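Trainee: I should like to go through the assignments in this predicted model and hear the reasoning behind each one.

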Amino acid sequence: MIVAFSVTPIGAGEDVGEEVAEAVRVVRESGLPHRTDAMFTSVEGEWDEVMAVVKRAVDAVKARAGRVSVVLKADIRDGVTDGLTAKVARVESLLSPPAGATSGGEPSA
């Protein structure tokens with residue numbers, strides 16, 4: 001499964017970078033495949049291990065802020081591994097121009 005989640009400290013002010021860094025640190029230390037972007041951190045693994053990482057990340061932020069908001073989205077699909085990279089690679093392959101194609105829509109020589 002892949003879980004994309006964000007943890008937002010409530011009442012910590014405008015700059016929440018340190019609190020968010022604690023959550024990301026937990027994810028990185030988990031050893032599970034993961035990816036962090038400006039909005040979410042995605043983690044891949046089995047249900048129990050992924051949810052345990054999310055809980056530890058929330059707890060790490062809650063220890064600094066006292067209150068948190070969590071947004072979570074899960075893709076649960078049996079038999080899939082390396083979904084974090086495979087899904088993106090599939091889309092990228094569809095965006096790549098076919099062999100021999102040129103930019104601008106002109107035929108190649």
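Trainee: Why is Glu-18 called exposed?

Mentor: Exposed requires a relative accessible area over 50%. Glu-18 has 56% relative accessibility, so Glu-18 counts as exposed.

Trainee: What makes the contact of Arg-64 and Glu-18 a salt bridge?

Mentor: The criterion is a side-chain nitrogen of Lys or Arg within 4 Å of a carboxyl oxygen of Asp or Glu. The side chains of Arg-64 and Glu-18 meet at 4.0 Å, N to O. Because Arg-64 belongs to helix H2 and Glu-18 to helix H1, the pair ties together parts that are 46 residues apart in sequence.

Trainee: How many salt bridges does a search of the whole structure find?

Mentor: The search finds five. One of them joins Asp-59 and Lys-55, at 2.8 Å, N to O.

Trainee: What separates Asp-59 and Lys-55 along helix H2?

Mentor: They are four residues apart in H2, which means a separation of about one helical turn. An α-helix has 3.6 residues a turn, so residues three or four places apart point the same way. As to accessibility, Lys-55 counts as exposed at 51%, whereas Asp-59 is partly exposed at 35%. Elsewhere, salt bridges with shared partners join Glu-18, Glu-22, Arg-25 and Arg-64 into one network.

Trainee: Which salt bridge do Arg-25 and Glu-22 form, N to O?

Mentor: Their side chains meet at 2.6 Å. Arg-25 and Glu-22 are three residues apart in helix H1, so about one helical turn separates them.

Trainee: How do you know that the span of H2 agrees with its number of residues?

Mentor: At 1.5 Å a residue, the 19 residues of H2 should span 27 Å; the end C-alpha atoms are 27 Å apart, so the two values agree.

Trainee: Which residues of H2 are buried, and why are they said to line one face?

Mentor: The buried residues are Val-50, Val-53, Val-54, Ala-57, Val-58, Ala-60 and Val-61. Seen down the axis of H2, they fall within an arc of 155°, so they line one face of the helix. These buried residues pack against E1, H1, E3 and E4. On the other side of H2, Asp-48, Lys-55 and Ala-63 are exposed.

Trainee: What makes E2 and E4 edge strands?

Mentor: The open sheet has the order E2-E3-E1-E4, with antiparallel pairing. Strands E2 (34-36) and E4 (68-75) each pair on one side only.

Key. Residues are numbered from 1 along each chain as its sequence is written. This is a predicted model: local features need pLDDT of at least 70, side-chain atom pairs count only at pLDDT 80 or more; totals for chains, interfaces and linings use all residues. Side-chain values use heavy atoms; hydrogens and water are left out. Two strands pair if DSSP finds at least two bridges between them. Helices (H or I, at least four residues) and strands (E, at least two) are DSSP runs, numbered from the N terminus. The expected span of a helix is 1.5 Å times one less than its number of residues. Buried means under 20% relative accessible area, exposed over 50%, partly exposed in between (1.4 Å probe, protein chains only). The arc is that of the directions from the helix axis to the C-beta atoms. Contact means heavy atoms within 4.5 Å.
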